[in-house]
Amino acid sequence: MTDWTQDAASILEQLTRDPLRGAVAGTVTIRSISEARPRPRYQEAELELLAHAPDHEPVIVRTHVVLDSRHWPTVGTVLPARIPFDEPAAIEINWDTLPA
């Protein structure tokens, strides 16, 4: 993006109170995850994550997500994420990178 579009995007994020405003690219490491049941296919998972990003202290984030039980992640899995360190609970994880 050019400088002016980056500035405009930043201003819009602030005006709309986007929870991902100021988010930085980083990774999350799964520290704990609830167990998948045999059924149904899509299930809610309770996770504890360690979010890391350059120039930031790691932070622990607890969250709930709905996942496909056929692709249930394991403890230690590292995934790319956008991390808003001023509001870590609004983390955006790239679940598409889970192994198939």
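Two strands pair if DSSP finds at least two bridges between them. Helices (H or I, at least four residues) and strands (E, at least two) are DSSP runs, numbered from the N terminus. The structure is a predicted model, in which local features need pLDDT of at least 70 and side-chain atom pairs count only at pLDDT 80 or more, while totals for chains, interfaces and linings use all residues. Residues are numbered from 1 along each chain as its sequence is written, and side-chain values use heavy atoms, with hydrogens and water left out.

View 1. Strands of a sheet pair through backbone hydrogen bonds, either parallel or antiparallel.

**View 2. Strand 4 is joined to strand 1 and to strand 5.** Six bridges hold strand 1 (residues 24-33) and strand 4 (residues 78-83) in an antiparallel pair. Val24 stands opposite Ile83, and Val28 has Leu79 as its bridge partner. Strands 4 and 5 also run antiparallel, with two bridges; here Arg82 is opposite Glu92.

**View 3. Strand 4 has one covered and one uncovered face.** In a regular strand the side chains alternate between the two faces of the sheet. Leu79, Ala81 and Ile83 make up the covered face of strand 4. Val78, Pro80 and Arg82 make up the uncovered face.

**View 4. The largest nonpolar core has 18 residues.** A nonpolar core is a set of buried Ala, Val, Leu, Ile, Met, Phe, Trp, Tyr and Cys residues joined through side-chain atoms within 4.5 Å. Buried means under 20% relative accessible area, exposed over 50%, and partly exposed in between (1.4 Å probe, protein chains only). Val28, Ile33, Ala45, Leu47, Ile91 and Ile93 touch the most other members of the core. Strand 1, strand 2 (42-52), strand 3 and strand 4 each supply at least two of its residues. The largest share, four residues, comes from strand 2.

**View 5. Val28 has contacts beyond its sequence neighbours.** Contact means heavy atoms within 4.5 Å. With neighbours within four places in sequence left aside, the residues in contact with Val28 include Leu49, Leu50, Ala51, Ile91 and Ile93. Thr77, Val78, Leu79 and Ala81 are also in contact with Val28.

**View 6. Arg31, Glu48 and Arg62 are linked in a network of salt bridges.** A salt bridge is a side-chain nitrogen of Lys or Arg within 4 Å of a carboxyl oxygen of Asp or Glu. Between Arg31 and Glu48 the closest N and O atoms are 2.9 Å apart. Arg31 is in strand 1 and Glu48 in strand 2, so this pair ties together parts 17 residues apart in sequence. Between Glu48 and Arg62 the closest N and O atoms are 3.0 Å apart. Arg62 is in strand 3, so its pair with Glu48 in strand 2 ties together parts 14 residues apart in sequence. Glu48 is buried at 16% relative accessible area, Arg31 is partly exposed at 42%, and Arg62 is exposed at 60%.

**View 7. Arg70 forms a salt bridge with Asp68.** The closest N and O atoms of this pair are 2.8 Å apart. Arg70 counts as exposed, at 54% relative accessibility, whereas Asp68 counts as buried, at 12%. The whole structure has five salt bridges.
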